[in-house]
Amino acid sequence: MDVVQSETSAPKAHVGGSPFNVAVGLARLEHDVVFAGRRGDDEYGRMIARSLRAQGITALLEADASPTSVARATLDPTGQASYEFTLDWTLPSADELEAKFCALAGETAESGQTGDAGRTGTATKDQHSQDQHPGPLEHLHAGSIGAMLQPGAETVKNVIDRAHAVATVSYDPNYRPTLVPNRDEARRQAEEFISRADIIQASTDDLDLLYPERSHRETMDAWLQMGPALVTVTRGPSGAMGLTRAGFAEQEAFSVEVADTVGAGDSFMAATLSTLRGMNLLGASRRPALREISPEQLSTVLRTAARAAAINSSRFGAQPPTAEELDHALRG
């Protein structure tokens, strides 16, 4: 849960968390999504469950006995958020997560399909009603606190290793020094996920915190050399940039009246994945094609993702655009 407050407003609770926001963003862009994140059997946990159902997202895990995790966000006068956290990140084993996903998808572990920590399926919501099984795993997204905070982060890593044979993988470090104050440890942890991922998204804040000794472009170059096909970096009001083996591209930010920036990067991530899927570049079988993404395709990804982030930033809290809203804005 995100509990958001500012100098002029009382605290207000919103269902949030970076991978959750990406899941909502993908669902609003009409993708079939399974979300694997823990929640407590408390009022906040029930709010999360209701929100998942309302968005047509399938929850992989049931509520447990620990309290729901909370991030308290304080907004400055420009709408930028700073966070404090009360967290419990204990997950079932990777074996259990795989078995749960396979059962949910109507598959067996022997078939080679795998569990996930946030995925886009092979069908849109208008093809499958909410109570039908999701299809085989196509893409897995993980990141933020879930890929930094132990003991759950190690489980997420194991799930990614299992998923790699059938799914492409995306990762957003979304680094929080208040949770992992040791920069060297955070950098080591982030790089373990970067080397496993096909698509990386980070913000300039992440890069400045993790690698203050080098430029943003130097970090992007270094990350690309670790194995990903695509690295994107969001720059707030300065837009975004992307790097692939075919080259570097930049995208200006779209002009909006900013309500706040909560969830803007997650909306950018969701739109990136949705656009790549529309280009038939997600899924393990498409990994070679993703590695050959063209400069024109990269520009389309950045433009679409930046527009989604701008729509989100024009509203209070994490509110990713729907497919209709995004299409309308891109045509405008």
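Reply: Gladly! Strands here are DSSP runs of E with at least two residues, numbered from the N terminus. This is a predicted model, where local features need pLDDT of at least 70, side-chain atom pairs count only at pLDDT 80 or more, and totals for chains, interfaces and linings use all residues. Residues are numbered from 1 along each chain, and side-chain values use heavy atoms, without hydrogens and water.

Me: What makes β1 and β5 a pair?

Reply: Two strands pair if DSSP finds at least two bridges between them. Strand β1 (residues 2–6) and strand β5 (residues 70–75) have five bridges, in the parallel sense, so they pair by this definition. In one of the bridges, glutamine 5 has threonine 74 of β5 as its partner.

Me: Why are β2 and β6 at the edges?

Reply: The open sheet has four strands in the order β2-β1-β5-β6, with mixed pairing. β2 (9–14) and β6 (81–86) each have a single partner strand, so one side of each lacks a neighbour in the sheet.

Me: Which element gives the most to the lining of the second largest pocket?

Reply: That is β2, with four residues. Lining residues have an atom within 4 Å of a pocket point. The lining has 16 residues, with Ser6, Thr8, Ser9, Leu75 and Phe316 nearest the centre. β1 and β2 are the elements that give two or more residues.

Note on methods:
1 Å grid on protein atoms, 1.4 Å probe; cavity = no way out; pocket = protein on both sides within 12 Å on 5 of 7 lines; lining within 4 Å.
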